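Biologist: I have a model open and want to learn how to read it. Can we go feature by feature?

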Amino acid sequence: MKSRASYLVNLLKEKGLTIGSVESMTGGMFASEITSINGASEIFKGSLVTYSPLVKENVCHVNKETIEKNGVVSYEVASEMAYRGREILDVDFCISVTGNAGPTSDIDNKPVGMIYISIMGKDYTWGLPLNLKGERNQIRQETTFIMIDFLIKTIESIF
């Protein structure tokens, strides 16, 4: 995963772009991977870990109605997390993730392995639904790898 994270950091440096993240079920793993790369401070402005619905609302400013209508594990919530995170962190691109890593179904009865990733740029939002299998930390690590890869593919497709 380090080589992909390093590639992402270098790609963003080359393009003169900044990123940030809003993470729920990964608990900051994405931010940790990115900041483990030398020079990440040039492209990574920060991360919000919004593990609970209340923190999603109060810190990231996700609308309570969005959560109530769709559940915290939803494309709508992931998109709003990325949108608000982009504003709060003042970055070119913000990636967000919300999901259920297990070991049991969450309060919205979303199955273990249901994940939503969203990237917000200046003009577009990209979404990626996932249905992963495995143990809790395996799902979290795989999600982090997918987040890095999703950002790489998104940046490469634009620039």
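Biologist: Which residue stands opposite I117 of strand 4?

Modeller: To read a strand pairing, look across the bridges for the facing residue. Here V97 stands opposite I117. Keep in mind that this is a predicted model.

Biologist: In what sense do strand 3 and strand 4 pair, and over how many bridges?

Modeller: Read the sense first, then count the bridges. Strand 3, residues 93-99, pairs with strand 4 in the antiparallel sense. The pairing covers 6 bridges.

Biologist: How many bridges join strand 4 to strand 5?

Modeller: There are 7, and these two strands run antiparallel. Strand 5 spans residues 125-131. For a facing pair, take I115, which stands opposite L130 in strand 5. Strand 4 and strand 5 also form a hairpin, with 4 residues between them.

Biologist: Now a single residue. Where is the place of S79?

Modeller: Locate the element before the neighbours. S79 is in helix 5, residues 75-89.

Biologist: Why does S79 count as buried?

Modeller: Compare its relative accessibility with the cut-off for buried, which is under 20%. S79 has 12%, so it counts as buried.

Biologist: Which residues does S79 touch, leaving out those up to four places away in sequence?

Modeller: S79 touches S118, M120 and T125.

Biologist: Let me step back to the whole chain. How many helices and strands does it have?

Modeller: The protein chain comes to 6 helices and 5 strands. From the N terminus on, the order is α-β-α-β-α-α-α-β-β-β-α.

Biologist: Why does the radius of gyration agree with a compact globule?

Modeller: Set the value against the expectation for the chain length. With 159 residues, a compact globule would have a radius near 15 Å; the chain has 14 Å, so the two agree. For the dimensions, the C-alpha trace spans about 40 × 30 × 25 Å along its principal axes.

Biologist: What share of the residues is buried?

Modeller: Buried residues make up 50% of the 159. Then check the contacts. Of those with a separation of 6 or more, 65% come from residues 24 or more positions apart.

Notes:
Residues numbered from 1 in each chain as written. Predicted model: local features only at pLDDT ≥ 70, side-chain atom pairs only at ≥ 80, totals over all residues. Heavy atoms only, no water. Buried < 20%, exposed > 50% of the residue type's maximum accessible area, 1.4 Å probe, protein only. Contact = heavy atoms within 4.5 Å. Rg over C-alpha atoms; globule rule 2.2 N^0.38 Å. Pairing = 2+ DSSP bridges.
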